[in-house]
Amino acid sequence: MSHCFYCGERMQRTNRRGKHSKLERTDDHVIPTSRGGLRGPLSGNIVHCHRKCNEDKGDKTLEEYRAIVAERKGIPVEEFRFPGELREGRPDGRNHPHFVG
Ligand SMILES: [Zn+2]
């Protein structure tokens, strides 16, 4: 999967040499770990997104971020879905035994 969960655009490969692009792929915790979200690839709480989108989401939950992006786009929040949700379904941030992404 090489498209950003939040904006749907293509991502660049992770640069491990420390030169971080805003378009680089990062792991985002759907429920921020600072707010009790689970860690790790089995958590059901990880999606892949651009560094810039990850920074934009910050420590907001999926629903908090949805409200912000929907308003920016002028779409009623109940009608707005992130591109990743349309592709993969809505991550629930709970522990369940399958990989997300
Ligand atoms: Zn993005």
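The structure is a predicted model. The protein contains three helices and two strands, and these elements follow the order β-β-α-α-α from the N terminus on. Of its 101 residues, 26% count as buried. Contacts across the sequence can also be described by their span: among those between residues at least 6 apart in sequence, 58% join residues at least 24 apart.

In soluble globular proteins, nonpolar side chains tend to be buried together. The largest nonpolar core of this model has twelve residues, namely C4, F5, Y6, M11, V30, I31, I46, V47, C49, C53, L62 and F82. Strand β2, which covers residues 46–50, supplies the largest share of this core, with three residues.

F5 is one of the core residues. When residues up to four places away in sequence are left out of the count, F5 touches D28, V47, H48, C49, F82 and G84. Among these partners, V47, C49 and F82 are themselves members of the core.

V30 also belongs to the core, and its position is in the loop between β1 (25–29) and β2.

Key
Residues are numbered from 1 along each chain as its sequence is written. This is a predicted model: local features need pLDDT of at least 70, side-chain atom pairs count only at pLDDT 80 or more; totals for chains, interfaces and linings use all residues. A nonpolar core is a set of buried Ala, Val, Leu, Ile, Met, Phe, Trp, Tyr and Cys residues joined through C-beta atoms within 7 Å. A residue is buried if 20 or more other C-beta atoms lie within 10 Å of its own, exposed if 12 or fewer, and partly exposed in between; C-beta atoms are placed from the backbone. Helices (H or I, at least four residues) and strands (E, at least two) are DSSP runs, numbered from the N terminus. Two residues are in contact if their C-beta atoms, placed from the backbone, lie within 7 Å.
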